[in-house]
Amino acid sequence: MGFGDLKSSSGLKVLNDFLLDRSYIEGFVPSQADVAVFDVLSTPPPADLCHALRWYNHIKSYHNQKSSLPGVKKPLGQYGPPGVADTTSSAPAASKDDEDDDDIDLFGSDEEEDSEATKLKEQRLAEYAAKKAKKPTLIAKSSLLLDVKPWDDETDMAKLEECVRSIEMDGLVWGQSKLVPVGYGIKKLQISCVVEDDKVGTDILEEKITAFEDHVQSMDVAAFNKI
Amino acid sequence: MALRELASLEKYLGLKKPNKYSTQGDKKIPVLQNNSPPLVGLVTIACHLVKESNHQELLGDTADSRAVVQQWLEYRLTRLDIYTKEDIKTVLKDLNLYLQDKVFLAGNHVTLADILIYYGLHPIIVDLAVQEKEEYVNVTRWFDHIQHHPGIRHHLPPVVVLRNRIYTSRHR
């Protein structure tokens, strides 16, 4: 998730596209999600990105209620279309640290060389990350339907679902769930999720789910579809 | 239809005592019986209900937005309640253009204009194909937004809006 580099026009384009059929970043009311993204933009988006501009002007009108909007502010990478990383740069912080080092140090010349090398490295890394972020559409995803079976009918299914949903992995998004009766009063939890094939494998997922030994007896993949 | 809209509006406004209504004429124009003399007309009754319930902001909070609200209420009566196929396209195009840079029809919050246009548009949107919904992307966005607003969508079934755009070439 994320919009790419929101300080550049490519990130703003991703934002514009995202807001084409949404009034707010998350849900249907203004929330801290909107505040988080709004704060990153230092100027209004240009007029040709009409959806981003519309959203910007609308959120601006809430600026004196900013702190009372619902929700919790999450890091920028949590919002936006899936598959796009957040690369909004925070370069000013890095250069400040370098200056402090130079002042105190005795072996001045060595430190300078090192700091230059690290600066160059960081710059190259940022470029590479930006390039990577511009290829969002090639990520392969699959939609899985998992069957999680409890030990017996006295297992707390709500707790079981909580445990399963608490598994957080990069590239894993939990979807809907329902309880399906199996017999003798036992219900299994059928929960769907969307995974990125490169990042999450079904065996890893199975390991993590069956790790909750108190609640989970076993787990099966009921359906596996490529998206 | 109009009576159900008024009943839903009453619920949204939190009015405790439901009012007595009847209809007049073959066009089924709603009549509010409580008053003397009885009040006739959907928009008239709706505005009266809003004022009764102390939700003045639903009519607009500045002089400008009040005028815009009235403009859309008039639009509802003249363009949406009597329409032919060609008219529908014009209406949708107008709305799509208007909503390009606005989140709500008037100002920055829900107003009576949004509510009544939503009720009036609902039968049209329900019949739109997915392709058309994506063509009028701003109308669809606004419609989805309003139908999720707490308390508005009482008697109407929700219209499903797909998140993944299928026809991507139309609205770049």
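Predicted model: local features only at pLDDT ≥ 70, side-chain atom pairs only at ≥ 80, totals over all residues.
Figure 1. On the side of chain B that touches chain A, the residues divide into 5 nonpolar, 6 polar and 7 charged. The contact is made up of 18 residues from chain B together with 14 residues from chain A. How many salt bridges are counted between chain B and chain A? The count is 0, whereas 5 residue pairs, both partners at pLDDT 80 or more, are in polar contact across this interface.

**Figure 2. The fold of chain B, seen as a series of helices and strands.** Chain B has 7 helices and 3 strands, and from the N terminus on these elements follow the order α-β-β-β-α-α-α-α-α-α. Of the 172 residues in chain B, 44% are buried. When contacts in chain B between residues at least 6 apart in sequence are considered, 63% of them join residues at least 24 apart.

**Figure 3. Helix α2 of chain B and the residue that follows the helix.** An α-helix has 3.6 residues a turn, so residues three or four places apart point the same way. For Cys47(B) the relative accessibility is 11%, and because buried means under 20%, this cysteine counts as buried. After α2(B) comes Asn54(B), whose phi is positive, near 60°.

**Figure 4. A cysteine in chain A, and the count of disulfides.** Cys163(A) has a relative accessibility of 10% and therefore counts as buried. A disulfide is a covalent bond between the sulfur atoms of two cysteines. Over all chains, the count of disulfides comes to 0.

**Figure 5. A salt bridge between two helices of chain B.** Side chains of opposite charge can pair when their charged atoms come close. Arg76(B) forms a salt bridge with Glu5(B), and the closest N and O atoms of the two are 2.9 Å apart. This pair links distant parts of the chain, since Arg76(B) lies in helix α3 (residues 63-80) of chain B and Glu5(B) lies in helix α1 (residues 2-13) of chain B, 71 residues apart. Are these two residues, Arg76(B) and Glu5(B), buried or exposed? Both Arg76(B) and Glu5(B) are buried.

**Figure 6. Further salt bridges, in chain A and in chain B.** Over all chains the structure holds 11 salt bridges, including the one that Asp21(A) forms with Arg22(A), where the closest N and O atoms are 3.1 Å apart. Asp21(A) has a relative accessible area of 9%, and therefore counts as buried. In chain B, Asp101(B) forms a salt bridge with Lys102(B), and here the closest N and O atoms are 3.0 Å apart. Asp101(B), with a relative accessible area of 47%, is partly exposed, and Lys102(B), at 26% relative accessibility, also counts as partly exposed.

**Figure 7. A network of salt bridges in chain A.** Which residues are linked in this network of salt bridges? The network links Asp170(A), Glu196(A) and Lys199(A).

Note on methods
Residues numbered from 1 in each chain as written. Chains lettered and ligands numbered in written order. Heavy atoms only, no water. Disulfide = S-S within 2.5 Å. Buried < 20%, exposed > 50% of the residue type's maximum accessible area, 1.4 Å probe, protein only. Helix = DSSP H or I, 4+ residues; strand = E, 2+ residues; numbered from the N terminus. Contact = heavy atoms within 4.5 Å. Salt bridge = Lys/Arg side-chain N within 4 Å of Asp/Glu carboxyl O. Polar contact = N/O pair within 3.5 Å; in protein donor to acceptor, adjacent residues only side chain to side chain. Nonpolar A, V, L, I, M, F, W, Y, C, P; charged D, E, K, R; others polar.
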